[in-house]
Amino acid sequence: MDWSLYNSIVNEFAEIGQQNDFTPLLTYCYMAEPFLADDLHQYVDYAQKQGVAVHLNTNASAMTAEKVDMLLETGFEGKVHISFHGATKETYERITGLVYEESLEHTLYLIDHYNPERICIRGVDDHWGEGEKQQWFEFWQPKGTELEYLPPISRCGSVKRLLKGRAHEGKASRLYGCQYNHPLVEMVILFDGRAVMCCQDMGRELIWGDVAAEGITKVWNGTIRKEAIRKLYSGKTCDSSFLCSRCEQALGATGMVQVLIQEAWQKLKRCSGVKGSAG
């Protein structure tokens with residue numbers, strides 16, 4: 001992203017946070033590897049100085065010790081999510097196409113030089129070998145980081161072989177919202193300033209507007225975004241022409257019931273002091 005555009009977005013975001021009494025949070029993701037930028041620390045430093053918190057998403061392949069050191073010198077205290085898919089070299093390299101030893105070395109360097117409680121290791125199980133899930137947990141748990149073990153998702157059908165169930169192309173479905181409410185709590189801005197529906201919209205199918213020309217607030221409150229939100233949360237039938245109907249994170253009737261049950265259980269725990277989780 002052009003430096004002047006980045007400055008403009010960060011400045012407006014900081015102002016929105018000040019006006020509404022919250023700390024804005026910025027992360028670099030969406031088909032991007034932040035550590036490929038030699039001046040990443042400058043982008044992070046600028047945002048932090050404007051009162052915008054920064055988190056990072058990385059596969060660690062380019063997260064060298066030198067870049068980590070420059071990042072930490074800015075006073076960076078954000079969360080770092082690291083994708084590490086598999087416990088063996090064979091599985092990791094099959095899924096990511098990266099060099100296992102390099103990514104592991106970079107990840108362990110960060111753990112040794114940063115608060116591991118602010119690091120999350122994510123593992124997406126795309127046909128891992130037998131016993132590899134347990135091996136993955138046994139390796140990372142002693143490091144003290146947060147762990148997320150996840151199933152693969154199709155990114156709104158971008159990865160055809162991962163389409164399952166309701167998400168099959170051509171199958172209409174009723175939508176009752178998003179499991180993580182992505183479009184209600186975040187804006188994904190491309191390098192040129194255009195804003196897409198969410199981080200799952202890898203095909204750039206639904207463009208809310210141009211932040212570079214209109215600003216964050218105008219795009220957020222724009223007609224295109226409002227209509228997309230209405231479709232997603234109305235409970236009406238949508239066919240595959242609407243990208244959310246192909247997303248595993250969109251809620252159908254069953255998913256909505258599960259969310260309501262989980263929320264009711266969490267409320268009960270808070271009221272009664274019950275420990276544990278719903279089955």
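This is a predicted model: local features need pLDDT of at least 70, side-chain atom pairs count only at pLDDT 80 or more; totals for chains, interfaces and linings use all residues.
Which residue lies over the face of W220? I looked, and R225 does, at 3.6 Å from the ring centre. My rule for a charge over a ring: NZ of Lys or CZ of Arg within 6 Å of the ring centre and within 35 degrees of the ring normal. K143 also turned up, over the face of F139 at 4.8 Å from the ring centre.

Residues are numbered from 1 along each chain as its sequence is written, and side-chain values use heavy atoms, leaving out hydrogens and water.

Next I went through the aromatic pairs (Phe, Tyr and Trp rings, the six-membered one for Trp, with centres within 6.5 Å; planes under 30 degrees apart are stacked, over 60 edge-to-face, the rest tilted). I got 16 of them. The Y6 and Y28 rings have centres 6.3 Å apart and planes at 35°, so I logged that pair as tilted. Y6 and Y28 are both buried (under 20% relative accessible area; exposed is over 50%, partly exposed in between, 1.4 Å probe, protein chains only). One aromatic cluster takes in W3, Y6, Y28, Y43 and Y46.

Then back to F139. Its ring and that of W140 have centres 4.8 Å apart and planes at 90°, so this pair is edge-to-face. F139 is partly exposed at 33% relative accessible area, while W140 counts as buried at 2%.
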